[in-house]
Amino acid sequence: MRQLLVLEYRLPAIQAFQRRLEGFLSEAGYSEDLVHDLSLVSEEVLVNIIHHGEAGDPAADRRIQVLLGTDEAGQVHLEFRDDNSGFNPLQVQERDPGDERAGGWGIPLLKTLADRVEYSRHVGYNVLHLVRGERSG
Amino acid sequence: MSLTIEIYHSDDGKCRIELGGRLDTHTAPDFDARMETLDPAAHPLQVVDLSALDYVSSAGVRSLFKARKVAKQAGGQLLLLNPQPQVRRVFDIIKALPSASVFASEAEMDRYLDAMLKRGSSDSE
């Protein structure tokens with residue numbers, strides 16, 4: 001199972017994406033926890049990409065690509081691809097609790113709620129690949 | 001995929017804010033705007049009831065954090081009541097809201113407020 005979704009660099013696009021992702025994973029029989037966690041992680045990743053993108057070229061025809069798939073073990077893979085300048089969210093310094101500046105608060109969610117997350121820079125694209133399977137308990 | 005906000009005032013200085021749905025990047029600005037209409041001097045105790053909130057993201061946690069800061073700066077308190085497991089988990093991961101301000105039930109919160117009155121202090125962290 002594999003699906004490619006395409007989003008505009010606009011915050012309202014996130015909601016529509018989450019609705020599709022949640023519908024898709026629920027229909028595939030994944031647990032409420034997994035659906036919730038991947039939807040949440042997606043919001044955090046996409047907000048970062050869109051905010052980071054605002055600093056660059058605002059061209060309206062730019063898009064974010066998200067590849068959604070599952071493997072034989074039933075793990076869900078999400079790959080976010082954007083053409084912003086090089087930006088590895090995993091290297092963003094985590095904020096101390098109490099530091100309310102934007103950014104940083106989503107990173108612990110990403111690291112905790114994904115089983116695996118990897119960043120790479122690939123021919124002009126930032127590629128963030130994350131994997132999440134069902135968790136017991 | 002939206003947020004509902006119901007605000008109830010009582011004469012004893014308590015204000016109850018009931019949230020339902022999702023507090024996220026999309027809806028956090030609505031919450032911020034509604035909280036700005038509250039006068040923390042008239043309502044030093046703000047209780048945010050999270051029983052019907054299904055989803056919170058880091059943007060939502062930041063809004064709750066900001067509201068709590070505004071209440072504290074005015075000498076008041078903002079307490080969070082009955083977060084659902086998925087919301088509680090996000091609080092636990094982000095760690096921006098002290099667990100002492102989060103209560104699993106009304107009874108637990110009342111005990112905390114009683115103890116606070118006995119200590120005669122509004123600073124309760």
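Modeller: Let us begin with B:Lys95, which lies in the loop between α3 and β5 (102–103) of chain B. Please bear in mind that this is a predicted model.

Colleague: What makes the backbone of B:Lys95 worth a remark?

Modeller: B:Lys95 has a positive phi, about 60 degrees, although it is not a glycine.

Colleague: Why is B:Lys95 called exposed?

Modeller: The term exposed requires a relative accessible area over 50%. B:Lys95 has 56% relative accessibility, and therefore it counts as exposed.

Colleague: Which residue of the loop between β4 and β5 of chain A may we compare with this?

Modeller: A:Val123 is found in that loop. A:Val123 is not a glycine either, yet its phi is positive, at about 30 degrees. Its relative accessible area is 70%, so A:Val123 is exposed.

Colleague: How do you know that β4(A) and strand β5 of chain A are paired?

Modeller: Two strands pair if at least two bridges are found between them. β4(A) and β5 (residues 125–132) of chain A have seven bridges, in the antiparallel sense. Within this region, A:Arg121 stands opposite A:Asn126 of β5(A).

Colleague: What holds paired strands together in general?

Modeller: Strands of a sheet pair through backbone hydrogen bonds, either parallel or antiparallel.

Colleague: In what order do the five strands of the sheet in chain A run?

Modeller: The order in this open sheet is β1-β2-β3-β5-β4 of chain A, with antiparallel pairing.

Colleague: What makes β1 and β4 of chain A edge strands?

Modeller: Each of them, β1 (2–8) and β4 (116–122), pairs on one side only. On average, and with direction ignored, neighbouring strands of the sheet are turned by 15 degrees against each other.

Colleague: Which strands does helix α1 of chain A touch?

Modeller: Helix α1 (residues 12–27) packs on the sheet and touches β1, β2 (63–70) and β3 (76–82) of chain A. The direction of the helix makes about 165 degrees with that of β1(A).

Colleague: How are A:Glu79 and A:Arg81 classified, given the salt bridge between them?

Modeller: The closest N and O atoms of that pair are 3.3 Å apart. A:Glu79 has a relative accessible area of 17% and is therefore buried. A:Arg81 has 22%, and so it is partly exposed.

Colleague: Why does the pair B:Arg88 and B:Asp92 still count as a salt bridge?

Modeller: The closest N and O atoms are 3.9 Å apart. The cut-off is 4 Å, so the pair is included. Both residues lie in helix α3 (residues 85–94) of chain B, four residues apart, about one turn of the helix. B:Arg88, at 27% relative accessibility, counts as partly exposed, and B:Asp92 is partly exposed at 47%.

Colleague: Why are α2(B) and α3(B) called roughly perpendicular?

Modeller: Their axes come within 11 Å and cross at roughly 75 degrees. Angles of 65 to 115 degrees count as roughly perpendicular, and therefore the term applies to α2(B) and α3(B).

Colleague: Which residues make this contact?

Modeller: B:Ser58, B:Val61 and B:Leu64 of α2(B) meet B:Val90, B:Phe91 and B:Ile94 of α3(B). Five of the residues are nonpolar, one is polar and none is charged.

Technical notes:
Residues numbered from 1 in each chain as written. Chains lettered and ligands numbered in written order. Predicted model: local features only at pLDDT ≥ 70, side-chain atom pairs only at ≥ 80, totals over all residues. Heavy atoms only, no water. Helix = DSSP H or I, 4+ residues; strand = E, 2+ residues; numbered from the N terminus. Axes fitted to C-alpha atoms, helices over the stretch in contact; angles between N-to-C directions. Contact = heavy atoms within 4.5 Å. Salt bridge = Lys/Arg side-chain N within 4 Å of Asp/Glu carboxyl O. Buried < 20%, exposed > 50% of the residue type's maximum accessible area, 1.4 Å probe, protein only. Parallel < 35°, antiparallel > 145°, perpendicular 65-115°, else oblique. Nonpolar A, V, L, I, M, F, W, Y, C, P; charged D, E, K, R; others polar.
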